[in-house]
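Q: Could you walk me through this structure, starting from the sheets and then moving on to the charged pairs?

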Amino acid sequence: MNGSYSLSGEESQGGARLKESFKFVSEKSTPPSPTHSDQIQPSCSLSVSQVSYSVSERVGPWWDLPSYRTRWTRKILNDVSFHVDSGQILGILGNSGSGKTTLLDVISGRIGKAGTLLGEVFVNGRKLKPDQFQDCFSYVLQSDNLLSYLTVEETLTFTAQLALRRHSAEAIRKKVGMVMAELSLGHVAHSVIGGRIFPGISGGERRRVSIAGQLLQDPKVILLDEPTTGLDSMTANQIVVLLANLAKRDRIVIVTIHQPRSELFRVFNRIAIMSCGELVFCGQPGEMVDFFSDQGYECPDYCNPFDIYVDFTSVDTRCSEREAATSSRMHDIASAYRTSGIYRRMLGRIEEVCQLTDKPSIPFKSKESPSGLSKLGVLFRRTVRNLSRDRMGVLMRLSQNLIYGLFVAFFVMKLDNDITKGAVQDRIGIIYQAMGASPYTGMLNAVALFPALRAISDQESKDGLYHKWQMFLAYILHILPFSIVSVFIFTSFLYWTVGMYPEVSRFLCFTGVIMVPHITGELLTLVLMGVVQDPNMVNTGVALLNVAGIMVGSGFLRSNQQMPTVFKMLSYLTFQKYGSELLIVTEFHDLNFTCGTSPGACIIGNGDDIIEQGYPGALSRYTLDFIMLYAFLPALVLLGVISFKIRDHLTRR
């Protein structure tokens, strides 16, 4: 755009100062406009026509049934239309709640099905179908969801491997290098992303990494929601200038932005202002200055036009009088825009593009997605590389069961075969603690590590890189070796230190049984995280389920024979029933007891009596119990896949 903006007024011959702040002054004489037949059509165009979006909300809380049944409709977008050509950057301004993010969600096809959507989106004059939005637009969210322990180059390489199939490792390396060069990330290529716990790259560099991840698929249209949020003024300015340069490379860039610097006035090719879901203005920067000046709202000297014009179009809700006055002013400006030549030319441009007989095809992103198994492999490698660099996390995962075992061993010290010294009670107590505590350690692992991965999978699955359940499976494959080693360390210390049945085969059976509650606790947490967003609620739910399973299934609180029929039937649905039976048989079978100085006075002579009294027939069910216990693992994996498929549905609502 050949033009400049004056920040100061000029003195006329009569001495009167002309208020020409931010008036558009052409640097060169404007050549005659070519006819339509001579114009070079842009390679890509985006047209949004008469888009409206409304949601229906309940008036009152659920406990107030009359008001809860009443709904009121709130219109978030109202008849929004605009047009952008490739090579242009559109900045969408507006106060909070004006509908900027919702508009981007509509354009990108991420609005869901919770409300009523009207209007159409055209790319190159062709109306987009619902299943085409994901393959056409790249969307950079306001928050940067990146893995903390990966380097910039590794982050982009893994993203490229998920998106591109018919590329060799060398081709992917070159692609990543080109994108990093385009976004000036070469100097931090081998620096870790970092996070809240430890430092890494800067906020502006993190934002550029997020943008770079979207550029790997060569999108023609890039949407960015508040890309300058949380950045200082200079860094925010650099990000917008960088986006403008991306647009000049034959792309369409649409940005929502808060409080841009006045220097950016010349960077945007088109500027849109939204208020209360309406598009109050959309046009070139020079047109915006002239339009508001014609309406009597001139920008004062030395003021940022962005701030001034957003203030003019905002509605002040602090009191009813101010709300009525500012709302009337906003609607007057919106009405003036809809009757202006700027709006008519924009509608004419939309109609012209849509009526072309030889429309260019829709420029989709690269669709060379690898197979599902290849994606699972990439996700697994990425997860392992990221989490394995967290030294404290790896140490805690391997030692947390051992730390708990130290408390138990210190409390019990040494098991005795004398019934009068607690031989039976101590053994049952250790079995109870091992069965009851193992799920908690697994749950804590999932609550600490998986939410960050879930947030990334939510974003990348919307980008079409993979399905959410594939991230779930990759995480499971990652945790299995850690779980096996952690439990083996725990049982090796506890079993031999307290003096349980001294037989290697029984020790291995004990380890094999304890493995399942630990993994089950983590799997059950992951399953609930698929449908429940808050990890604290998941934490509470898994804890309650574990307590209920111990009470109903273990037989420690009340014998299975004395339970009501309902609870007896429910016990078959708990892994604690099969695990407790296995541990009781493993420890008590063929174990002989003494009774102080009077061996003949023992009411219970050996461990088989304990088994028959508490778990009749457990000896004959030993193999079946093992099969049933380990059946919980694939069942929970399948349930997790279903849970994350449900999450796909919920996030699209």
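A: Before the sheet, a word on terms: two strands pair if DSSP finds at least two bridges between them, and strands (E, at least two residues) and helices (H or I, at least four) are DSSP runs numbered from the N terminus. This is a predicted model, in which local features need pLDDT of at least 70 and side-chain atom pairs count only at pLDDT 80 or more, while totals for chains, interfaces and linings use all residues. Residues are numbered from 1 along each chain as its sequence is written, and side-chain values use heavy atoms, with hydrogens and water left out.

Q: OK, what is the strand order in the open sheet of four strands?
A: The order is β6-β5-β8-β9, and the pairing is antiparallel. At the edges sit β6 (71-85) and β9 (126-127), each of which pairs on one side only.

Q: How many bridges join β5 to β8?
A: Seven bridges join strand β5 (residues 45-58) to strand β8 (residues 116-123); within this pairing S52 stands opposite L118, and S47 stands opposite F122. With β6, strand β5 pairs over 11 bridges, again in the antiparallel sense, and there R58 has R71 as its bridge partner.

Q: And why is β5 described as largely enclosed?
A: Because 10 of its 14 residues are buried, β5 is largely enclosed by the rest of the structure. Buried means under 20% relative accessible area, exposed means over 50%, and partly exposed is in between, using a 1.4 Å probe and protein chains only.

Q: Which helix lies across β5, β6 and β8?
A: That is helix α2 (residues 100-108), which runs at about 70° to β6. For such angles, axes are lines fitted to C-alpha atoms, for helices over the stretch in contact (heavy atoms within 4.5 Å), and angles run from 0 to 180 degrees between N-to-C directions.

Q: What about S275, buried or exposed?
A: S275, which lies in strand β13 (residues 270-275), is buried, with a relative accessible area of 1%. Leaving aside residues up to four places away in sequence, S275 touches S98, V280, T313, S314, V315 and M330.

Q: Now the charges: how many salt bridges does a search of the whole structure find?
A: The search finds 25 salt bridges, each being a side-chain nitrogen of Lys or Arg within 4 Å of a carboxyl oxygen of Asp or Glu. One of them joins the side chains of R251 and E182 at 3.0 Å, N to O. R251 lies in the loop between α7 (233-248) and β12 (252-256) and E182 in helix α5 (residues 169-182), so the pair ties together parts that are 69 residues apart in sequence. Both R251 and E182 are buried.

Q: Where do K220 and D250 lie?
A: K220 forms a salt bridge with D250, their closest N and O atoms being 2.7 Å apart. K220 lies in the loop between α6 (203-215) and β11, and D250 in the loop between α7 and β12, so this pair ties together parts 30 residues apart in sequence. K220 is partly exposed at 21% relative accessible area, and D250 is partly exposed at 30%.
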